[in-house]
Amino acid sequence: MTALRQRKGSKGKEQPPGAECQPQQANCCTDHHAGKVLHGDWSWGSIVWTSVGWSVSVGLGLLCCIYVATLHENDLWFSNIKEVEREISFRTECGLYYSYYKQMLQAPTIQEGLSDLIHDNLTESKRTINLLQRMNIYQEVFLSVLYRLLPIQSYLEPVYFYIYTVFSLQAVYVIALYLTAWLLSGSWLAGALTGVWYILNRVDTTRVEFTISLRENWSLPFLALQVAAITCYLRPQLTALQQKVMVWLMYVTTFCFCLTWQFNQFILLVQALIIYTLDCIDFLTTTQVTTLYLVQVCSLLSVWLLQFCNSMILGSLVLSFIVAALFIRHCQSGLKTGSLLARLGKLLLHTAMVLLLTFTINYLAKRVLQLRSDEHIFKFIKSKFALGQTRDFDASLYLCEEAFGVLPLDTLERLAGTLLLYPYILTLLLLSGMLVVSALQNLRAKGGSVEERKGAEGRVVALRPDVAYNVLHTLFYGLLAISTMRMKYIWTGHMCAIAAYGVCGTELWTPLLTTVRCNSKVLLRFVRYAVPLAMMACLYYKFWPKLMEEVSELREFHDPDTVELMTWISTKTHKGAVFAGSMQLLAGIKLCTGRVLTNHPHYEDKDLRERTRQVYQVYARQSPVDVHEILRAAGADYVVLENSICYERRHRRGCRLRDLLDLANGHIMDGPGENDPDLVPASHPRFCEAIKTDPAGYTTLFTRTFQNKTFHVYRVKKKRKKSAKTLSEPGATQ
């Protein structure tokens, strides 16, 4: 952290607009001890105050880590349940990712484990795929290698090493948000308030305690660190060495973020749009813009190399956008000249050219690379905003999930209940207004006369580049979160930092105190310290008993039907058996039994999506012959049918899986309600219902081998001549 001291004019050094420190801008000139230490002021007061700030950040990070670990333990009684139950608790895609960590540990050597991942034929039947290229599982590889090398095997089980690492990243996340608020406000009390808000709003800031292996739980802490590094990099008065350190920190954190989440390109695209906006309104220098873009490009290309030249990265929109933005910027040398209206017109033309070139480059790149891995995401976007067809099966799978819907209003009610929403809205409104005014001043100053430019240097409203970046960051990702609820976890953490900055900074208090004619340095400093302390005391009084009650509430994992299924598969089927079924269940089968799958939840592959749609015909109205041919084509030996899907009631009509299949097949949906006029009645009963009555047309192709209250498992018979003897099957379990 660097102190914001008065910047001296220098003709030979490029300075971003808003870097000047005016007397009216108290926050710009506020002395804060961390900055003094970095600038060589090693007074005891500065050292002690900064040390206390860092200690509080580490303490809050550890508190968050222990909190989520305790919730996870108490919810499942994780330390007391069987190993198979622990593995079942890794639901859906979490189980798939964790299975590769387990696979690496079970391999005779690290080299053999890596070779098995590179030439994997267990995840998708009848196919050999490179998992390190297809999926973002380097974190599992790294942890498995680390566990092998460290002398901890005798007292720490592999599963605990894994989950404790993920929980520790939550501590990193809190510390990163803490530093961002500290850097913006100049007071570590803002960081403390940020950490408190993050913990109290756990329901809306993280879901790590029950979705441990999700890629976002690995990547978002690195994104928060990257935002903190960008905030520091954009502050004025950094030395050349400090700038280099910040650039490297930005690269490392961006690289780690990209390496751990397959949706990195879409998050970085939003960030690239933020950088582009700041460049257009003259908050960043040419060097800063180019550096930030190149950090993104270098990070993505580094991941591209590690992922064995994954074409999805080269065909990403963010790379196309950065290339287009830099190229058009270089070609339009007179972009930042002229009057205000002329500049606004040039910016509109400039933006249109950048977008046109972006889509052109992206279209050509995908044609050359023959890239179709991410087309389901664009189908989802088109359907969500009513820009295209709505019967697409892949798009409908996303649209019908609550996580991909609009942010519900109860989220805002919860955020308001912890006193977070109100200061956030006030801060956002004030800073957004300042951003607009500063942007107009920047555009007018560049385009006006020499006298106007000189007059602009003494303007009252000036926003620092680091503040401007964070304002746009929370605005852009806030809009993303409101449109898609799953993305709220990117927004809510940063929301805590912005709200704390508003409470502990001067931008909010200076105009309020000026309005009541009480604006003095002593009173301003008192308010900046007293208000956050009072808020934290109020939050402690209101929520500490609730937290204690929450961590003392004990539950236990209980899923006997799934445990019974996994035990039967492990003991009654051969290791090379291929299983078909729902994506979520098959991920658990892969983890618990090591059997081969026909499909799985990692959906970023065109052929896999098509196979999944075909396998899911077991829940559609299809003939037994057609279903048998589909399953044999996928190499399936067994198919697992789930009552919870066949008779689903969780989703509304039109969003149940069987409804999505009926619509995709052109069939009328079940139950009362309207149907589109082009839909027709199906000529066959629903397969998952009809097969349970054992009619002759089904028993000749399928044999029931296991059943309980939740699952029915059928062996898929191979086609034989009528005179051939059929193999005996294990008895059905009741």
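Residues are numbered from 1 along each chain as its sequence is written, and side-chain values use heavy atoms, with hydrogens and water left out. Because the model is predicted, local features need pLDDT of at least 70 and side-chain atom pairs count only at pLDDT 80 or more, whereas totals for chains, interfaces and linings use all residues.

Helices (H or I, at least four residues) and strands (E, at least two) are taken as DSSP runs and numbered from the N terminus. Two packed helices are described by the angle between their axes and the distance between the axes. For helix H10 (residues 188-200) and helix H25 (residues 488-504), the axes come within 8 Å and cross at roughly 140°; axes here are lines fitted to C-alpha atoms, for helices over the stretch in contact, and angles run from 0 to 180 degrees between N-to-C directions. H10 is therefore oblique to H25, since angles under 35 degrees count as roughly parallel, over 145 as roughly antiparallel, 65 to 115 as roughly perpendicular and the rest as oblique. The crossing of H10 past H25 is right-handed, a crossing being left-handed if the near helix is turned anticlockwise from the far one by less than a right angle, and right-handed if clockwise.

Burial is expressed as relative accessible area, with buried meaning under 20%, exposed over 50% and partly exposed in between (1.4 Å probe, protein chains only). Helix H29 (residues 583-593) is mostly covered, 10 of its 11 residues being buried, and the buried residues include Met-583, Lys-590 and Thr-593. Just after H29, Gly-594 takes a positive phi of about 75°. In helix H18 (residues 340-369), which contains Met-353, this methionine is partly exposed at a relative accessible area of 32%, and the C-alpha atoms of Met-353 and Ala-324 are separated by 8.4 Å although the two lie 29 residues apart along the chain.

With a salt bridge defined as a side-chain nitrogen of Lys or Arg within 4 Å of a carboxyl oxygen of Asp or Glu, the count comes to 35 salt bridges. One of them joins the side chains of Arg-555 and Asp-75 (3.2 Å, N to O). This pair links distant parts of the chain, 480 residues apart, with Arg-555 in the loop between helix H27 (521-552) and helix H28 (560-572) and Asp-75 in helix H3 (residues 44-76). Arg-555 is partly exposed at 43% relative accessibility, and Asp-75 is partly exposed at 32%. In the salt bridge between Asp-659 and Arg-656, the closest N and O atoms are 2.6 Å apart; Asp-659 is buried at 0% relative accessible area, and Arg-656 is buried at 11%. In a further salt bridge, Asp-694 and Arg-704 have their closest N and O atoms 3.2 Å apart. Asp-694 is partly exposed at 39% relative accessibility, whereas Arg-704 counts as buried at 19%. Salt bridges that share partners also join Arg-372, Glu-375, Asp-394, Lys-606 and Arg-609 into one network.

On the surface, Leu-301, Leu-314, Val-368 and Leu-369 form a nonpolar patch with about 310 Å² of accessible area together. Patches are made of residues with over 30% relative accessible area and no salt bridge, like charges being joined within 9 Å and nonpolar side chains (Val, Leu, Ile, Met, Phe, Trp, Tyr) within 5 Å, and accessible areas come from the Shrake-Rupley method with a 1.4 Å probe, only the protein chains shown counting as cover for residues. Leu-314 is found in helix H16 (residues 311-314).
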